[in-house]
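New page in the notebook.

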Amino acid sequence: MNAPYDGDRDRETPAGDPRAQVPPPPPGHHPVPPDPYLQNTYAYDPYQQQDPTAQDPVGEALYDRAAHPPPPPPPHGQPWPPQQQQYQMPYGDDATTQYVGVDDLVTHAAEEPPPYDAFAHLYRDQQPVAAPAGPVGPPVVPEPEQQAAPVPAPRAAGRGASILKSSALMAAGTLVSRLTGFVRTLVIAAAIGVATLGDSYAVAMVLPTMIYILTVGGGLNSVFVPLLVRAMKDDEDGGTAFANRLLTLVMVILGGIVTLTVIAAPLLVRMMSTKIADNPATFDVAVTFARYCLPTIFFMGVHVVMGQILNARGKFGAMMWTPVLNNIVVIFTFGMFIWVYGSYGTTKMDATTISPEGIQLLGIGTLLGLAVQSIAMLPYLREAGFKFRLRFDWRGHGLGHAAKLAKWTFFFVLANQAGLIVVTQLATWAGSEADKLGFQGTGITAYNNALLIWQMPQAIITVSVMAAVLPRISRAAHDGDSPAVRDDISYGLRTSAVAIVPAAFAFLALGVPMCSLLYAGTGTDSARNIGFILMAFGIGLIPFSVQYVVLRGFYAFEDTRTPFYNTVIVAAVNAAASAVCFVVLPSRWAVVGMAFSYGLAYAVGVGVAVRRLRTRLGGDLDGKRITRTYARLTGACVPAALAAGVAVYGITRTLGSGASGSLVSLIVGGALLIGVFYIAAKRMRIEEMTAMVGMVRGRLGR
C-alpha cells in the first residue's frame, strides 16, 4: 500500500461516504500495530484548503499526472471535501522511502529532533517497532474502550530531513573550503607560476598527502568510521575510550613517519620526478620545500581522526569548515610573497632566482596552515563532550581487528599511489620538454590545477551526501539489512547524479574559458592549456563519483579486499593509458591525454565494482532505477553542452581568449547550458530533478 493512504486508516469518515459502509472487523480481530515510519507523517497538510489541480504554472509543468493522477473533482457547486484524499507530491513516491513532504524537509530541516539517546540521529530509521522510553517513539494508540481524542505526538524528524540537514551543512562547508581553495590555487599560481618552480612546489605538496594516505589515511577514512560508530553504540562510555586509544595510536605512528620522511626527503623527491632530480637547482628547491611540507602528515592524521569522532557523534560541520582556515593562512602567506618579491608575471622567478628567505616563507606558511586547521577542531570536540587523554592500552580493544582490515586498505592506497607516481613522473617529464619548446602550463602543476577544479563537484555533493549516509549504511550492514544498504547506495548515486552529470558536461563545454579566466595571471597560453586538460578530465567525473559511492558499500561490510582489487585495476589502466599518451602524443598534449586516461580508468573500475557489489547484495542494486536516472540526465546534458560549446567557440573567435572574452564566453555558455538542461530535464520528468526543484521552490517560499 502506498504511504499517503496509511495516514487515513483510522480517520473517521463522514456520513454518506462510501468508505463508511465497510463492514466492521470480525470478533477477535486485532488491529495492525502503527507503522513507526509513517505515523503522523501527514498530520499537517499545507494544501488542505487548496484545489490540487489549481497549481502554479511551474508546478503544473513538473507534475507528472500520468503517474500520479489527481483526485476527481467534486460535483458542480460542491466544495472540495477536506482531507478526503491526500495530495501526492510528484517526487519520492516509492515504497522503500519514508514519506516526508518537501515542505517539511525544507521548513523543518534545521530543527533538532528530541533524541532519546546521544546517537538516535544516526539510527532513527533502524529503530525497532517497539517504542523506547522517550519522546521519539511512535505515539501510543489509545485502548479501544477509551473515547478520548488521542494527544498528537511531537513531530519526529524523518531520515530524509536528517540526511538533508547533515548533507547541506557539509556541502556548505565543503563549498566554502573549495572556493577558498580555488583562491589559494590562483594566488600560488600568481606567485610562483605553473612552470618548473611551480612543479617543484607541487611535487613537495604531493609527497605528504601521498605518504599520509599510504600509511594511515586510507584505513582512517574507510575502516575506522564503522568501528567508531559501533563502539559508540556498544561501549558503556559511548566509545570515548576507543576514540582516545585510536587518536593516541595515530599520533605516535605519524610522529615516527614524519621523522623518517624528513630525513629521506631527497630520495622521495627523486622517486616522484627524476626530471626534477636531474636539475641541481630545481632539486634543491624541491627538497627544501618537501622538508617544510612533510610534517603536515602529522596534522592531516590528527585532523581526520578528530573529524571522524565528531562525524560519528553527529557533528558533521567541523571537518568540512576547518580547512577554510588552512586556505586562509596559505593565501596570506603567498600574498605576502607577492607583496615582497612581486608576481610571477613580472619576475618570471624560477629555481635559480628564488631566495632562501622566499622558500622559507612559503614553507613555514604551508606548515602553519595545516597546524591551524587541526587545532581548530579542539573546541568542537569539547562542545561534543569528548575529552581527550593519551591512552596506550591498545591491546584487546579492537584495534588489532581494525589493523587487519586496514591491511587491505594499505594495499588499496599503495596501488593508487603507484599510479600517481607514474603519472607524476610522466607529467613532469612532458612538461619539462614542452617548456623547452615554449609551451607552459603543460606539466604536473597544470594537471593538478585542472584536477582540483574537476573534483570540486564530487567533493561538495557526493562526499557530503555519503559522509552523512555512511554511518547508517554501516549500521544496516552490521545488522545484515542488505535492502537498507541497497536503498542508501541507490539514494547516494541518484541524488549526487543530479549535480555530477551536468558538471561533467559543463567542464567539457566550458573548460577553456573557465581556466582562461581563473588562471589569467599565469599567461593566456598557460591558462588555455590548463583548460584543455580540464576538458579531457570532463566526462570522467561521472564514473569517478559512482566509484566513490559504490566502494562505500564494501566498506560498510568491512570488506576492504574488494576495493583493493578494484583499485589495482584502476591504477593499472590509468598508468598504462598515461604511458601510451606520453609515447604517442606530442609533449604539449601528453598531459591532456593523461587526464582523459584518468576518467577512462575509473570507467573500467566502476564496471567491475558494480558487478561485485550487486553480488554482495543478493543480485539487486536498484540497477534499472539508477540507470534510468543517469541516462535521462545524460540525454538532457548533451544538447545543453552542444549549445554552450558552439556559443563559446563563436564568442572566443570574436572577442579573443583573454580574460574579458573568457568572461563573456563563460556567462553566455553557462546560461545556455543551464537553461537547455533544465528544459530538457523537465520534459523528461526526471524524478530527482523534480525533487530538487521542489526543494528550491520551497526554500524560496514559492
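This is a predicted model: local features need pLDDT of at least 70, side-chain atom pairs count only at pLDDT 80 or more; totals for chains, interfaces and linings use all residues.

I started with C581, which is buried at a relative accessible area of 14%; buried means under 20% relative accessible area, exposed over 50%, and partly exposed in between, with a 1.4 Å probe and protein chains only. Residues are numbered from 1 along each chain as its sequence is written, and side-chain values use heavy atoms, with hydrogens and water left out.

Next I checked C515, and that cysteine is buried too, at 0% relative accessibility. Then I went looking for disulfides, meaning pairs of cysteine sulfur atoms within 2.5 Å. My search of the whole structure turned up zero.

On to charges. How many salt bridges are there? I counted two, taking a salt bridge as a side-chain nitrogen of Lys or Arg within 4 Å of a carboxyl oxygen of Asp or Glu.

I noted K275 with E433, whose closest N and O atoms are 3.2 Å apart. This pair links distant parts of the chain, 158 residues apart: K275 sits in helix α9 (residues 274-277) and E433 in helix α17 (residues 399-436). Helices here are DSSP runs of H or I, at least four residues, numbered from the N terminus. K275 is partly exposed at 22% relative accessibility, and E433 is partly exposed at 28%.

I also found R486 and D487 meeting in a salt bridge, 2.8 Å from N to O. Buried or exposed, I wondered about R486 and D487? Both are buried.

How values were computed:
Helices (H or I, at least four residues) and strands (E, at least two) are DSSP runs, numbered from the N terminus.
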